[in-house]
Every structure is written in C-alpha cells, then in structure tokens.
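Please look over the sequence and the structure before reading the points below.

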Number of protein chains: 2
Amino acid sequence: MDLPTIARQTARVLISYLTYEAVRTVVAQLAETDPPLAIWLNSYSSTSNIQDGEAYLEALLRERQDLALRVMVVREHLAETVVEHLPEMVQTGIRQANMERRRQHLERLTQIPDAASAGRSELESPPEPQP
Amino acid sequence: MDLPTIARQTARVLISYLTYEAVRTVVAQLAETDPPLAIWLNSYSSTSNIQDGEAYLEALLRERQDLALRVMVVREHLAETVVEHLPEMVQTGIRQANMERRRQHLERLTQIPDAASAGRSELESPPEPQP
C-alpha cells in the first residue's frame with residue numbers, strides 16, 4: 001500500500017473540490033450583489049473544466065481576473081476553516097458507514113423478518129397506533 | 001458562506017474517494033495473490049457506480065461479500081493513516097498554488113521578456129555552459 005502517493009493524490013482531489021466549493025460560494029455571493037455576473041460565472045464554470053481546479057483558475061484569470069482572485073481567496077479561507085475538522089469527520093463517517101453496511105448485510109443474511117424496525121427505517125412508515 | 005454544509009459535503013466526497021483508493025489497493029493486492037479475481041474486481045468496479053461509495057459497497061456485498069468486507073477494512077485503515085496529514089497538505093497546497101497562479105498572472109500582465117528563466121522553466125533547456 002503506497003500511503004504517501006495515496007495521501008498526495010487525496011490532497012489533490014480535496015484541493016480541486018474546495019476550488020469547486022469556492023466557486024459555488026462566490027456565485028452565491030454575487031447572486032446577492034450582482035446577479036448578471038453570478039449568471040455569467042455560473043455558466044462559465046459549467047462549460048469550462050472545473051474538475052481540474054488549477055487549469056480552471058488559470059483560464060478564469062485570463063477571462064475575469066477579479067473573479068479568479070476572489071475564488072482563490074475564498075478557497076484559501078475554506079482550507080483554513082473547513083479542513084481541520086475533516087480527519088475526525090471522515091474517520092467517524094467511515095466507521096459508522098462500515099458498521100451500517102455490516103449491519104444491513106447481516107440482516108439480509110439472517111433474514112430476520114423484523115417488520116417493526118426494518119419497515120420503519122426503510123419505508124418511513126408512521127409508528128403503529130397504540131391501542 | 002455555509003461552512004458546516006461545505007464541511008459535511010467535503011467529508012462525503014473524501015469518504016467516497018478513499019473508498020475508490022481502497023478498491024484500487026485491494027485490486028493491486030489481488031494482482032499478486034489471485035490475478036483472475038483482481039481482473040474480476042477491476043472490471044466490476046469500472047462498470048458499477050463507484051462515485052457513490054456506499055451504493056458501490058452495498059452492491060458488492062451482494063456479489064462478493066469477502067471483497068466488500070476487505071475494501072471496508074482497507075478504507076478504515078486509510079482513514080486512520082492518511083487523513084490526519086491532509087489538513088496541512090491541503091492548506092500548504094492551496095497557498096502554494098495560489099502564489100503560483102498570481103505569479104504567472106503577474107508575469108503575463110507585465111510581459112517581462114525574461115528569456116533566461118522563462119525559457120528554462122518552460123522548455124527545460126540545459127543551463128548555459130560557463131566559459
């Protein structure tokens with residue numbers, strides 16, 4: 001298992017994702033202050049390749065320098081505020097998701113017809129009225 | 001800026017990405033010990049929707065319970081070893097990328113024909129021989 005490579009690759013994915021979230025944030029801010037510009041940035045971002053955050057910013061810098069610089073400031077802010085909570089959220093999230101996958105799988109294997117709890121969680125049916 | 005929602009969404013993206021890296025790791029391990037099974041898992045993962053990690057595992061649990069449980073163990077291990085380094089890697093990565101974007105943009109705006117350094121960094125030309 002090549003952990004350093006996986007870590008580097010994961011950081012790259014995360015940086016591109018935060019760039020995408022920064023663009024969404026700037027679009028939402030512009031929708032309040034300058035709706036036509038919000039529409040322009042939204043449509044620009046849906047046609048250009050936002051999957052690669054650096055290439056996207058490089059292109060936006062040539063089109064609308066002010067917006068590109070603003071996206072860069074916002075993604076730096078997101079990195080400073082959001083990222084520090086991620087390790088715990090991801091570790092807890094994976095542990096809980098694994099438990100849930102195992103629980104559902106065991107339930108399927110043992111086929112316990114526990115209609116009361118299984119039915120409620122899957123169909124969101126209202127609780128039985130008590131007599 | 002809705003930071004809690006952005007944090008939750010980012011954690012979800014990260015969990016799905018680590019599930020994908022766990023699948024790649026298991027495929028690489030199987031390539032050593034059981035090549036036909038490695039080929040099967042690789043082809044299964046390229047046709048099924050691995051973008052949604054939970055749906056992918058749910059489906060794999062029905063097809064090949066042993067492989068799904070193994071992917072789950074590996075992703076938990078990745079979460080414990082890789083994720084703690086991410087905040088610093090992402091913060092440093094974004095700061096450096098922002099500086100690089102700004103530097104390149106300034107260079108373009110000022111159009112300094114610095115052939116010696118620009119040429120070298122772009123074309124990887126060898127250093128001039130010293131007399």
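Helices (H or I, at least four residues) and strands (E, at least two) are DSSP runs, numbered from the N terminus. From the N terminus on, chain A reads α-α-α-α-α-α, which comes to six helices and zero strands. This is a predicted model, in which local features need pLDDT of at least 70 and side-chain atom pairs count only at pLDDT 80 or more, while totals for chains, interfaces and linings use all residues. Residues are numbered from 1 along each chain as its sequence is written, chains are lettered from A and ligands numbered from 1 in the order in which they are written, and side-chain values use heavy atoms, with hydrogens and water left out.

**Chain A overall**

- Of the 131 residues in chain A, 38% are buried (buried means under 20% relative accessible area, exposed over 50%, partly exposed in between, with a 1.4 Å probe and protein chains only).
- Among the contacts in chain A with a separation of 6 or more, 51% join residues 24 or more positions apart (contact means heavy atoms within 4.5 Å).

**Helix packing between the chains**

- Two packed helices are described by the angle between their axes and the distance between the axes.
- Helix α5 (residues 86–110) of chain A packs against helix α4 (residues 65–81) of chain B at an angle of about 165°, and their axes are 9 Å apart (axes are lines fitted to C-alpha atoms, for helices over the stretch in contact, and angles run from 0 to 180 degrees between N-to-C directions).
- Because of that angle, α5(A) is roughly antiparallel to α4(B) (angles under 35 degrees count as roughly parallel, over 145 as roughly antiparallel, 65 to 115 as roughly perpendicular and the rest as oblique).
- On the α5(A) side, the residues in contact include A:Val90, A:Ile94, A:Arg101 and A:Leu109, and on the α4(B) side they include B:Leu69, B:Met72, B:Val73 and B:Glu76.
- By class, the contact of α5(A) with α4(B) holds eight nonpolar, four polar and six charged residues (Ala, Val, Leu, Ile, Met, Phe, Trp, Tyr, Cys and Pro count as nonpolar, Asp, Glu, Lys and Arg as charged, and the others, Gly among them, as polar).
- The crossing of α5(A) with α4(B) is left-handed (the near helix is turned anticlockwise from the far one by less than a right angle; clockwise is right-handed).
- α5(A) also packs with α3(B), at an angle of about 30° and with the axes 11 Å apart; this crossing is right-handed.
- Here A:Ala97, A:Arg101, A:Gln104, A:His105 and A:Arg108 of α5(A) meet B:Glu54, B:Leu57, B:Glu58, B:Leu61 and B:Arg62 of α3(B).
- That contact of α5(A) with α3(B) has three nonpolar, two polar and five charged residues.

**Helix packing within chain A**

- Helix α3 (residues 53–63) and helix α4 (residues 65–81) of chain A cross at roughly 145°, and their axes come within 6 Å.
- Residues making the contact include A:Leu57, A:Leu60 and A:Leu61 of α3(A) and A:Leu67, A:Ala68 and A:Met72 of α4(A).
- The class counts for α3(A) with α4(A) are eight nonpolar, one polar and three charged residues.

**Aromatic pairs**

- Over all chains, the structure holds six aromatic pairs (rings of Phe, Tyr and Trp, the last by its six-membered ring, pair if their centres lie within 6.5 Å; planes under 30 degrees apart count as stacked, over 60 as edge-to-face and the rest as tilted).
- A:Trp40 and A:Tyr44 form a stacked pair, 5.1 Å centre to centre with 15° between the planes.
- Both A:Trp40 and A:Tyr44 lie in helix α2 (residues 35–47) of chain A, four residues apart, about one turn of the helix.
- A:Trp40 is partly exposed because its relative accessibility is 30%, whereas A:Tyr44 is buried at 13%.
- B:Tyr44 and B:Tyr56 form a tilted pair, 6.0 Å centre to centre with 55° between the planes.
- This pair links distant parts of the chain, with B:Tyr44 in helix α2 (residues 35–47) and B:Tyr56 in helix α3 (residues 53–63) of chain B, twelve residues apart.
- B:Tyr44 has a relative accessibility of 13% and so counts as buried; B:Tyr56, at 2%, is also buried.
- In chain A, ring pairs link A:Trp40, A:Tyr44 and A:Tyr56 into a cluster.

- B:Glu21 sits in helix α1 (residues 3–33) of chain B and counts as buried because its relative accessible area is 4%.
- Not counting residues up to four places away in sequence, B:Glu21 touches A:Ile6, A:Gln9 and B:Leu78.
- B:Ala38, in helix α2 of chain B, is buried at 6% relative accessibility.
- With residues up to four places away in sequence left out, B:Ala38 touches B:Val27, B:Leu30 and B:Ala31.
- From C-alpha to C-alpha, B:Ala38 and B:Glu107 are 49 Å apart in space, and 69 residues separate them in sequence.
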